[in-house]
Every structure is written in C-alpha cells, then in structure tokens.
Amino acid sequence: SEDLAFIGSYVLGLGFTMTAEQAAALIDKDPRNADCLQPYVIGQDLNQRPNQSASRWIINFRDWPLARAEAYPDLIDIVRRLVKPARDRNNRAVRRDRWWRYAETAPELYAAIAGLDHVLAISRVGNAVLPMRVPTGPVFSEAAVVFALDGRADLAVLSSSAHSTWVVRYTST
C-alpha cells in the first residue's frame, strides 16, 4: 500500500485536553478512566520538546456510541461541560450530534500504525522539516504528519537533504 503519510486527529475542542497531572488524578480517582485517556502529541511537541513526548493528555472516546462513553462519568462530564456547548453551535450536524467524539478521528492513520512500536512524525506547521521517531500510543493532533514507518533507514531518507529540499519546494501544495 502507498498510504504511508497521514494527518493526525482533528479534535475540535480544547476541552478534551488536560495536563498529565489532571489525567493522573482522574486515573487515581477511577482506574477505568485510563481506558479513555492518552498522551496527545501536537506539532509543537515534535518541534520543541527534546524527547518529542506529549505536553498534554486527551480524552479519547474513539468511535464509541454515547452510551459507552457515558460509562466513564468523570470524563464524559468534562466533555459535556467543555466541548458540547461549542459543538452545539457547529454548522455540521455530525459534529453537533457526535459532540463526544473528535471532529475527524483519522481511523486510517491508527489502523496503519497499529502493528508498529514507533512511527516517524513531523510537525505540519513550522520551519523544522526533520522527522522524529516517536512511540505509538498517543493521539496525534492534526498538526502532525505521521508516517507509518518505523525503520531507521526510513528515518535517514526522510532526514536527507533531498527530502528537505523536496519539502521546502512543495510544502504549500
């Protein structure tokens, strides 16, 4: 398959996000909350954090129906309070009706990387064009381009001057 590069999830709602400390407190309160809390890697993490780790965490109800999401009362309450009001005003019916889910979940991305321990990722925004090798597991934001590749040779190719030149030349297309 040629499907190797993907844009991350378009969340549409900062209310899904929280600090690592807030996520840890929610997991301490109810260990089941760990089912729906994940690190959240944004473009800025790839460009500015030395280990490219997530600077925040995110609630992720995947493609679940509302009834399943409501089985996590601490988390659905946060999303209901912080995300739903803005989603209620959204022009797209699917975003209003499925307010507990991300606007775009990027299922192709997560299916493509399901068997990998690491991926190559690069920020979609900014002037850094070097990919980083990061572990799978986090939710990747739409500000990240994720390559379903984990090899060191792939990293070398995407880090090459030929690739950098190509990116600079075609970045807006």
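1. Strand β5 (residues 118-123) and β8 run antiparallel and are joined by four bridges. Within this pairing, A121 lies opposite V146 of β8. The model under discussion is a predicted one.

2. Strand β8 also pairs with β1 (residues 5-7), again in the antiparallel sense, over three bridges. Here F147 in β8 is the bridge partner of A5.

3. How do the side chains of β8 (residues 144-147) point? A144 and V146 point one way, and V145 and F147 the other. All four of these residues are buried. The general rule is that side chains in a regular strand alternate between the two faces of the sheet.

4. A further group of strands forms an open, mixed sheet of four, in the order β2-β4-β3-β7. Its edge strands, β2 (17-18) and β7 (139-140), each pair on one side only. Between β3 (residues 37-41) and β7 the sense is parallel, with two bridges. V41 stands opposite F140 of β7.

5. Which residues of helix α4 (residues 73-82) are buried? They are D74, L75, I76, I78 and V79. The elements covering these buried residues include strands β2, β3 and β4 (56-59). Helices α1 (20-29), α3 (66-69) and α5 (84-87) are also among them.

6. The whole structure holds six salt bridges. One of them joins E70 to R80, with the closest N and O atoms 2.9 Å apart. This pair links distant parts of the chain: E70 is in the loop between α3 and α4, R80 is in helix α4, and they are 10 residues apart. E70 counts as partly exposed because its relative accessibility is 37%. R80, at 32%, is likewise classed as partly exposed.

7. A second salt bridge to note is between the side chains of R124 and E142, at 2.4 Å from N to O. It too connects distant parts of the chain, R124 being in the loop between β5 and β6 (132-135) and E142 in the loop between β7 and β8, 18 residues apart. R124 has 44% relative accessibility and therefore counts as partly exposed. For E142 the value is 27%, so E142 is partly exposed as well.

8. The side chains of D88 and K84 also meet in a salt bridge, at 3.1 Å from N to O. D88 is partly exposed, with a relative accessible area of 39%. K84 counts as partly exposed at 23% relative accessibility, the cut-off for buried being under 20%.

Notes: Residues are numbered from 1 along each chain as its sequence is written. This is a predicted model: local features need pLDDT of at least 70, side-chain atom pairs count only at pLDDT 80 or more; totals for chains, interfaces and linings use all residues. Side-chain values use heavy atoms; hydrogens and water are left out. Two strands pair if DSSP finds at least two bridges between them. Buried means under 20% relative accessible area, exposed over 50%, partly exposed in between (1.4 Å probe, protein chains only). Contact means heavy atoms within 4.5 Å. A salt bridge is a side-chain nitrogen of Lys or Arg within 4 Å of a carboxyl oxygen of Asp or Glu.
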